[in-house]
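Please keep the sequence and the model in view while working through the numbered points.

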Amino acid sequence: MAAEIVGAIFGALSCICGTPTCNCIDQHRNFNDDVDELRRKLNSLTSQKQEIESRIQEAEAREGQMVRQQGQEWLKQAEEIEVKQQAFLEKVQGVKWYKRACLDRLVCRKINMVKEMLDKGSFPEGLVIERAPAHGNIIPTENLVGEISTKEEIWGYLMGDKVGMIGVCGIGGVGKTTIMKNLHNDLQRETRFEKVIWVTVSHPLNVFELQKKIADAMGQRLRDDEEVLMRAAALMEIMTRVRFVVILDDVWQKFSLKEVGIPDPNVQNGCKVAVTSRSSEVCSYLCCKIVEVKPLSQEESLKLFLNTVGDGVLQVPRLEEILKLIVKECAGLPLAIVVIAGSMRGVDDVNVWRNALTELQVRVSSVKDSNDEIFKRLRFSFDRLDSLQLKSCFLYCSLFQEDYVFSRRELIECWIDEGLIDGLPGREAAYNRGHAIIDRLEKNFLLEKENFFSSGFAGFIYPSAGAKMHDIVRDMAIISIGPEFGYMIKVGMNLVKLPDEHGWVKDPEKLFLMGNNILKVPVSLPPKCLSLSTLILPSNPNLLEIPESFFGEMLALKVLDLSNTAIETLPNSISKLENLSALRLQHCMKLKYLPPLANLKGLKKLDLHKAGIEVAPQGMGMLISLEYFDLLFCQNLKEIPTGILPNLSSLQYLGVCCLQETTIIRNLEEVARLKKLETLECQFDGIQDFNHFVNKFKDFQSAIAYSLGVGIARDMVRQSKYELVITECEIGEECVVLPNNLEYLWILRGKNMRSSLNKTVLLENANELRRCRIWESEEIECMVELDSSSSSTLCCPVLDKLELLHFYLLPKLCELVRVEGAATPPYVFSNLKTLIIVYCSGMRKLLPPELQQAFQNLEEISVIDCEQMEEIIASSDLDGSSNKFTFLKLRRLILLNLPQLKSICSAKGVMICDSIEEIEIQRCRELKRIPVQLPLLDNGQPSPPPHLRKISMDRDSKEWWESVEWDHPNAKNLLKPFLKYSRY
């Protein structure tokens, strides 16, 4: 009654006193509702905290995974907020009515605080990442020719007790890095060391970055906000726990191990540190045992040259003597030999070889010092590139930091932006040309193949094809550019400001400043830059602001890159850059505003991937030349106004999110009207929206390449031309409709999935499905359930085309195919090449008897950490005679940590797999027999499989190896040279 009276009084007051009183009264009335909302938000936070704690515990229990530092920090903050807000709720319970208006504003602030914490807990970069392997990755490298004795000397020091620090010295291009790469890979098979770490030390030395690389290799994280000294102490503590080898490649400057955080290697800890350097002084400063790498002999040089160019050149009359003279000009430097040989591959005209010899002799005759010696020889190969496009693309690679690893996509996109690849009908054609250029440069040894690692869905780390430029080749390229080109290159130099005027080239055309720590830029550049066409400023993480007048005189600017900076706005003067063709603003998460873009009629690329913009820039609909538009993961952008996209008639690539909270595109019909669109990357909020898209735009899907995501929005890692990734999505009763041309399907942490994949997704639609990954699902029991229904058998032709199946952490998975009341079609899985089963604890038998003949094309079988697995090829109840299981293409058989595994196949069965290259069996103590049949020679004696490279097992399996049975009594002696012990 009292509350009603008070309410009536407040109602009357609101009429009399006006707005301030109204606001106060509203706050009084809303108080209870807001308190209830705060309580609900706190309950959600508690549930989210428990879920994240559970995921962290699961990750920590598994080998090979680790939790991001942000996850632990979020838990700590969430715990503090939870405790404080619960205490606050107790205090305000029963608070007197006259205090409620004031308190309501505080309650609203606390609601926003909890909501912000909930948003942070989504971890768009993923909570869990793959831990670095126990040793490390195998590094791509060339086989050694002639450096065997040097390699053996270094190996002796690594395996011995007398030397802890090893310094490998020699002039540039003599083969120091190649020797150490081979040794690094050999160390992977050794059990003496627990960690083998490779770090390329970029020039100039950056201790902070060096610490990060070593910590990453150890599977650990250092705090970015700590000083180098504190990070060194933390790294020292981490490294003292293990026996390690650290290989520091390409060291130019003196430093101390303690400054970085590397413990001194000695007899007591059994650790080793190896350094490669062109300077013996650096190695002496580090108290290294110095090993000098000398040039190859003429005979060794000729062998390496022929290995690269091809022995067929010796069949050309009168060429052998010229070839020997060319090899002599290479001065025994392996880098020069392979680069020059690569440039001559496929040439069989004697006159061309004579001319090449003359050019090479002229260049070498002008040599002044050791660096010039290698540069002149490498420049010869550059000059032999047969097109200006090839040369320009090669030189462009040198404009990035030393030891920078490109993804192929990134590099090709840069070439397109610069106009180095143009005049082609579309982006796919441009990509094909770009891949061809990279292949050509790699074949000429001007670029090196390198794994490019990126993080994608759920924070997992993925290797993909990348490229890298050898530092000496890069130096040669930069010298070849010369000052007349107008390039100014100041990359990776830790600059905090732009150079003063005397440090500039005259009227620069291209300015590269990436990878520094520039804090601000001046009102205008020191010299006038009227001809500046390219300004590259990314990865300056503390750059906050661009002055309004900065772009005033850059009217010729075509390419502007400000990615990975902290800028919050762009100056309006950017609207005057009418010649601008590429604007890259990736990961500018603080960027809220873009000035009007209507004047940028020539803009072809606008990359706002993970930018913080809140509204679409004015004038978007005027960008009629725009070909590339990336808005993926712009979480603050709520929509693109209707009618803009159809005006972008030149669009070839579009990246967008179609989520409930950030509905960037209201109507997908607008996307379908883009006639030139070639690639769509799109993220959907749920299955219903995705199914609507698939059902309504079937013709559109068949005309474009796509990378589609459903569920939790995370970065996509392109694995195929037509791919779908479903992440942490509530699947429920509604089946997922798959596009007809889908090639790659990945379901990660699907919620409320059914017992089999074909009851979760409509497999019969996916006629082109080649690869399928199902990870971390509680419900899945089998890949497919077959019964007598017609819908069941319709999926069989799809299964027949699958090439890869990868199951990970499916605790209820117990069989691949479940057959009920129907015969199993003989062609199911007949094209499967790779079968990977990891952490599937409910599975006992891998390949069922009725499908044994269906797996003829398998190239890899990997079964890892499946604690109930008993048989790989299941025995049939009718088996009584000898069985032969033929796997003509099987190359890898990997069986790791299978404590219940008793047999690979039936007791009398044998596996015929002459193509086998690698067998790895570790921690399978119950396995008594390896049924691989060895091929027989003409005399009836067995021989190793012709392609076998190694048989790997853990160091504790030596007794098991002695007891395990093979079908031939001499098998173990015969295979002993292939036996390698490693740490699982």
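How many nonpolar, polar and charged residues does the lining of the second largest pocket have?

1. The lining of the second largest pocket has 14 nonpolar residues, eight polar residues and 11 charged residues. The model under discussion is a predicted one, and every point below should be read with that in mind.

2. The volume of the second largest pocket is about 730 Å³. Its lining is formed by 33 residues, and those closest to the centre of the pocket are Ile-416, Asp-417, Glu-418, Gly-419 and Leu-420. Three helices, α16 (388-397), α17 (408-417) and α18 (427-443), each supply at least two residues of this lining. The largest share, five residues, comes from α16.

3. Asp-417, named above among the residues closest to the centre of the second largest pocket, is also one of the residues that Ser-581 touches. Leaving aside residues up to four places away in sequence, Ser-581 touches Asp-417, Lys-558, Val-559, Gly-602, Leu-603, Lys-604 and Lys-605. Ser-581 is located in the loop between β14 (559-561) and β15 (582-584). Is Ser-581 buried or exposed? Its relative accessible area is 15%, and therefore Ser-581 counts as buried, since the cut-off for a buried residue is under 20%.

4. The chain as a whole provides the setting for these details. Its secondary structure comes to 26 helices and 38 strands. The chain has 984 residues, of which 53% count as buried. Where contacts join residues at least 6 apart in sequence, 68% of them join residues at least 24 apart.

5. Helix α11 (residues 298-309) packs against helix α12 (residues 320-329) at an angle of about 110°, and their axes are 10 Å apart. The two helices are therefore roughly perpendicular to each other, because angles of 65 to 115 degrees are placed in that class. On the α11 side, Gln-298, Ser-301, Leu-302, Phe-305 and Leu-306 take part in the contact, and they meet Leu-323, Lys-324, Ile-326, Val-327 and Lys-328 of α12. By class, the residues of this contact comprise six nonpolar, two polar and two charged.

6. Helix α19 (residues 471-481) is mostly covered, with nine of its 11 residues buried. The buried residues of α19 include charged ones by name, among them Asp-471, Arg-474 and Asp-475. Ile-472, Val-473, Met-476, Ala-477, Ser-480 and Ile-481 are buried in α19 as well. After α19 comes Gly-482, which has a positive phi, near 70°.

7. Which residues other than glycine have a positive phi? Tyr-839 is one of them, with phi near 55°, and Asn-897 is another, also with phi near 55°. Tyr-839 is placed in the loop between β29 (834-838) and β30 (845-847), whereas Asn-897 belongs to the loop between β34 (892-896) and β35 (910-912). Tyr-839 has a relative accessibility of 19% and so counts as buried. Asn-897 has a relative accessible area of 23% and is therefore partly exposed.

How values were computed. Residues are numbered from 1 along each chain as its sequence is written. This is a predicted model: local features need pLDDT of at least 70, side-chain atom pairs count only at pLDDT 80 or more; totals for chains, interfaces and linings use all residues. Side-chain values use heavy atoms; hydrogens and water are left out. Axes are lines fitted to C-alpha atoms, for helices over the stretch in contact, and angles run from 0 to 180 degrees between N-to-C directions. Helices (H or I, at least four residues) and strands (E, at least two) are DSSP runs, numbered from the N terminus. Angles under 35 degrees count as roughly parallel, over 145 as roughly antiparallel, 65 to 115 as roughly perpendicular and the rest as oblique. Contact means heavy atoms within 4.5 Å. On a 1 Å grid over the protein atoms alone, a cavity is a set of points where a 1.4 Å probe fits but cannot get out, and a pocket is an open set with protein on both sides within 12 Å along at least five of seven lines; lining residues have an atom within 4 Å of a point. Grid points are joined across faces, edges and corners, and a volume is the space filled by probe spheres set on the points. Buried means under 20% relative accessible area, exposed over 50%, partly exposed in between (1.4 Å probe, protein chains only).
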